[in-house]
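User: Could you walk me through this model and tell me how each label was reached? I would like the criteria next to the values.

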Amino acid sequence: MVELLHETVKNPNIHIRGTHSYYSAAWTGSFEESVVRYHYGDEYSLKTWEPMWPIDQLYIGDYVCIGAEAVILMGGNHTHRTDWFSLYPFPEVIRDAYIGKGDTTLGDGAWIGMRAMIMPGVTIGEGAVVASGAIVTKDVAPYTIVAGNPAAPIRQRFPADTVKKLLELDIYKWHEAKFDALKSFVSADDIEALVAASAEYDQKQGTTT
């Protein structure tokens, strides 16, 4: 079962760009129920309490693939102060105990493997791959594969010059018609052919995107 996120996500603090990102939800609950953890804005929390601190936001780009049982850990549980003698979140000091980690972003075209965990405040770059079971504690550069605990770079998907050209093309921001027309070039590995096809398409359409 594939869950298209733009059709199902209701939390106002989760922002989905585009209509293609999905969660591979086979044998698990929905994306909001099983993947996004400790995030204010679901139906229950909205009705039950008012937040005591700014809510970190989750931004998910277009064409993002999220594997079953992945976890995106948001900032709502960061009330365990390692710089205090006691880590315990006593209710009378919980407001001061909270330390926000900032927003979390999954870039366009990223692939999050099964049972991977994304820690709060992390940015996953465009086209990056997070291996199954990896625990990501730091930002991941575009078109980089990371694995392990804590996740570390394994390799770049493409040479640096190719990555530079891909980022310049900004393929995931193309209009739907252009993306569909050049899908055969996007679903390949010839960067010069993709660059040429993009330029030819723009010339024919009289556009620059």
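Analyst: The largest pocket has a volume of about 370 Å³, where a volume is the space filled by probe spheres set on grid points joined across faces, edges and corners. Please keep in mind that this is a predicted model, in which local features need pLDDT of at least 70, side-chain atom pairs count only at pLDDT 80 or more, and totals for chains, interfaces and linings use all residues. Residues are numbered from 1 along each chain as its sequence is written, and side-chain values use heavy atoms, with hydrogens and water left out.

User: What makes a space a pocket, and which residues lie nearest the centre of the largest pocket?

Analyst: On a 1 Å grid over the protein atoms alone, a pocket is an open set of points with protein on both sides within 12 Å along at least five of seven lines, whereas in a cavity a 1.4 Å probe fits but cannot get out. A residue counts as lining if it has an atom within 4 Å of a point. By that rule 21 residues line the largest pocket, and Arg157, Phe158, Tyr172, Val186 and Ala188 lie nearest its centre. Helices H5 (160-169), H7 (183-186) and H8 (191-205) each supply at least two residues of this lining; helices here are DSSP runs of H or I with at least four residues, strands are runs of E with at least two, and both are numbered from the N terminus.

User: How does the lining of the largest pocket divide by class?

Analyst: It divides into 15 nonpolar, three polar and three charged residues. The nonpolar class is Ala, Val, Leu, Ile, Met, Phe, Trp, Tyr, Cys and Pro, the charged class is Asp, Glu, Lys and Arg, and the others, Gly among them, are polar.

User: What is the volume of the second largest pocket, and what lines it?

Analyst: The second largest pocket has a volume of about 310 Å³. It is lined by 16 residues, with Tyr38, Tyr40, Trp49, Trp53 and Gly76 closest to its centre. Its lining has ten nonpolar, three polar and three charged residues.

User: Why are H5 and H8 called roughly parallel?

Analyst: Their packing angle is about 20°, with the axes 10 Å apart. Axes are lines fitted to C-alpha atoms, for helices over the stretch in contact, and angles run from 0 to 180 degrees between N-to-C directions. Angles under 35 degrees count as roughly parallel, over 145 as roughly antiparallel, 65 to 115 as roughly perpendicular and the rest as oblique, so H5 and H8 are roughly parallel. Their crossing is left-handed, meaning the near helix is turned anticlockwise from the far one by less than a right angle; clockwise would be right-handed.

User: How do you know that E8 and E11 pair?

Analyst: Two strands pair if DSSP finds at least two bridges between them. Strand E8 (residues 104-106) and E11 have two bridges in the parallel sense, and leucine 106 has isoleucine 124 in E11 as its bridge partner. They belong to an open sheet of four strands, ordered E2-E5-E8-E11 with parallel pairing. Its edge strands are E2 (14-16) and E11 (123-124), each pairing on one side only.

User: What is the strand order in the sheet that contains E4 and E7?

Analyst: That open sheet runs E4-E7-E10-E13, also with parallel pairing. E4 (36-37) and E13 (135-136) are its edge strands, each pairing on one side only. Two bridges join E4 to E7, and valine 36 stands opposite isoleucine 72 in E7.

User: What makes E14 and E15 a hairpin?

Analyst: Four bridges join E14 to E15, which run antiparallel, and four residues lie between the two strands. Valine 146 has proline 153 as its bridge partner in E15, while alanine 147 stands opposite alanine 152. In the turn, glycine 148 has a positive phi of about 100°.

User: Which backbone values stand out?

Analyst: Most residues other than glycine have a negative phi, and most peptide bonds are trans. Asparagine 149 and proline 150 are joined by a cis peptide bond, with omega about -5°. Tyrosine 63, in the loop between strands E5 (58-60) and E6 (65-66), has a positive phi near 60°. Glutamate 69 has a positive phi of about 65° and is found in the loop between E6 and strand E7 (71-73).
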